[in-house]
Amino acid sequence: MRQDEFDTALNPHRAEQQARAREHNLDILGQRGVRLFGNETDEELAELWSAVDRFESVVEARGGDTFTNAPDSSEPDNPEFVLPERMAREPVGPYVRRILIAGERLMPGGGEAKLEE
């Protein structure tokens, strides 16, 4: 028995669950104004959503509003509270790193954000 057949036998609804999770991540990230290119893997979408969620948590902890500081806001309350924009053809990994660094900079003492490599 191949691994995919074995996995299906153990959890026959796994593909449906993965598809729902992917659609959920796509929807959430789209609502947050994150540029997606359609070639992101499920794991990359989960990483991206985790980074966006962490950034938004830091913004909210600092008293910011993620709606008035959304990427499509013409006049955000605080430009530092706006999620960094994904550049054209930017891979998910470097974009996630920029989001995490931006969030770290918003934390107390975070002016010199340092993330472990």
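1. Cavities. The predicted model holds 1 cavity of 30 Å³ or more, a cavity being a set of points on a 1 Å grid over the protein atoms alone where a 1.4 Å probe fits but cannot get out. About 30 Å³ of space lies in the largest cavity; volume here is the space filled by probe spheres set on the points, with grid points joined across faces, edges and corners.

2. Lining. Residues with an atom within 4 Å of a point count as lining. For the largest cavity they are Arg-54, Phe-55, Val-58, Ile-99, Leu-100, Gly-103, Glu-104 and Met-107. Two elements, α3 (42-61) and α4 (92-106), each give two or more residues to this lining, and α4 gives the most, with 4 residues. Helices are DSSP runs (H or I, at least four residues), numbered from the N terminus.

3. Ala-70. This residue sits in the loop between α3 and α4. Ala-70 is buried, at a relative accessible area of 14% (buried: under 20%, 1.4 Å probe, protein chains only).

4. Conventions. Residues are numbered from 1 along each chain as its sequence is written. In this predicted model local features need pLDDT of at least 70, side-chain atom pairs count only at pLDDT 80 or more, and totals for chains, interfaces and linings use all residues, while side-chain values use heavy atoms, with hydrogens and water left out.

Conventions: 1 Å grid on protein atoms, 1.4 Å probe; cavity = no way out; pocket = protein on both sides within 12 Å on 5 of 7 lines; lining within 4 Å. Buried < 20%, exposed > 50% of the residue type's maximum accessible area, 1.4 Å probe, protein only.
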